[in-house]
Amino acid sequence: MLSQRQMTDNRPVYLNLIKIRLPLTGIVSFAHRISGVLLFLFIPFSVYLLDLSVQSAESFAAVKQLLDQPLMLAVQLLILWSIAHHFFAGIRFLLIDAEIGVEKSQARIGSWLVFLAEAIAILLIVVGVCS
Amino acid sequence: MSLYVLEGLRPWVIQRVSAVYLVLFFIYATYCYFSADVIAYDAWKGWLYNPFNTTVTGIFVIAILFHAWIGMRDVVLDYVHNIMIRIFILAVLVGVLIGSGLWVFRILLLSVVA
């Protein structure tokens with residue numbers, strides 16, 4: 001006889017990350033985690049830029065120049081996505097904590113709303129910053 | 001084996017309270033950015049070293065450090081199971097967060113000194 005522990009340990013584990021199809025709610029959740037880690041990684045760099053931006057008019061101009069480089073524009077877009085997704089998915093989680101949108105069909109609608117809201121927010125901010 | 005740095009409901013509550021503050025701050029900051037006439041050195045310094053903005057930014061820094069700590073701690077506890085590696089990564093996280101926090105407070109308080 002196998003003990004309970006041995007039975008659970010000997011179960012076949014099939015974790016092919018490419019073949020796992022997360023439901024939409026799972027994608028929102030996992031992207032919330034990824035964006036959170038990205039935002040953490042950006043903290044030291046952001047503080048460095050903040051320091052440069054207040055030191056002198058020259059260093060402020062240097063920050064602007066640095067951020068205008070193509071690679072930095074891509075990085076800024078990544079930060080913008082991270083903030084937008086973390087922001088709206090986070091609000092969704094707060095609402096779920098308040099027991100709003102927990103039911104399955106509502107949870108799916110909520111996930112779509114998160115993607116819709118972040119797409120609109122990113123679009124508006126990119127257009128607003130460029131114009 | 002587990003390493004719970006804060007136990008029970010407390011981190012859960014801190015994560016949500018800080019989240020609400022961060023939402024409000026981001027709305028305020030975005031509003032300020034888009035209602036600014038020019039994005040230039042003097043205007044930017046004027047905004048940051050306005051006492052109200054320095055204060056809400058200071059609270060923002062505290063909120064984001066706690067929020068980032070709890071979030072990153074949860075990620076590490078989920079994926080890193082070796083206790084020594086876990087302690088090492090958590091220690092690095094604390095160092096990065098406290099270092100960044102002190103650096104921002106130095107920047108925010110420069111206006112008081114200068």
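**Entry 1, chain B**

I started with chain B: of its contacts between residues at least 6 apart in sequence, 74% join residues at least 24 apart. For contact I used C-beta atoms, placed from the backbone, that lie within 7 Å. This is a predicted model, where local features need pLDDT of at least 70, side-chain atom pairs count only at pLDDT 80 or more, and totals for chains, interfaces and linings use all residues. Residues are numbered from 1 along each chain as its sequence is written, while chains are lettered from A and ligands numbered from 1 in the order in which they are written.

Next I looked up the secondary structure of chain B and got four helices and zero strands. Helices (H or I, at least four residues) and strands (E, at least two) are DSSP runs, numbered from the N terminus. Along the sequence I read α-α-α-α for chain B. The radius of gyration of chain B is 17 Å, well over the 13 Å from the globule rule for 114 residues, so chain B is more spread out than a compact globule. That radius is taken over C-alpha atoms, and the rule is 2.2 Å times the number of residues to the power 0.38. The C-alpha trace of chain B spans about 55 × 30 × 20 Å along its principal axes.

I also checked burial, and 14% of the 114 residues in chain B are buried. Buried needs 20 or more other C-beta atoms within 10 Å of the residue's own, exposed means 12 or fewer, and partly exposed is in between, with C-beta atoms placed from the backbone.

Chain A has five helices and zero strands, in the order α-α-α-α-α. Buried residues are 16% of the 131 in chain A. Of the contacts in chain A between residues at least 6 apart, 71% join residues at least 24 apart.

I picked α2(A) and α3(A), whose axes come within 5 Å and cross at roughly 135°. Axes are lines fitted to C-alpha atoms, for helices over the stretch in contact, and angles run from 0 to 180 degrees between N-to-C directions. That makes α2(A) oblique to α3(A); under 35 degrees is roughly parallel, over 145 roughly antiparallel, 65 to 115 roughly perpendicular, and the rest oblique. On the α2(A) side I found Leu49(A), Leu52(A), Ser53(A) and Gln55(A), and on the α3(A) side Ser59(A), Phe60(A), Ala62(A) and Val63(A).

How many residues of chain A are in contact with chain B? I count 19, against 18 residues of chain B. In chain A, α2 (24-55), α3 (57-67) and α4 (70-97) each supply at least two residues of that side. The largest share, 11 residues, comes from α2(A).

The largest nonpolar core has 19 residues, and Phe40(A), Phe88(A) and Ala68(B) touch the most other members. A nonpolar core is a set of buried Ala, Val, Leu, Ile, Met, Phe, Trp, Tyr and Cys residues joined through C-beta atoms within 7 Å. In this core, α2 and α4 of chain A and α3 (51-79) and α4 (83-113) of chain B each supply at least two residues. The largest share, seven residues, comes from α3(B). Leaving aside neighbours within four places in sequence, I found Ala68(B) in contact with Phe40(A), Ile43(A) and Leu97(B).

Definitions and conventions. Two residues are in contact if their C-beta atoms, placed from the backbone, lie within 7 Å.
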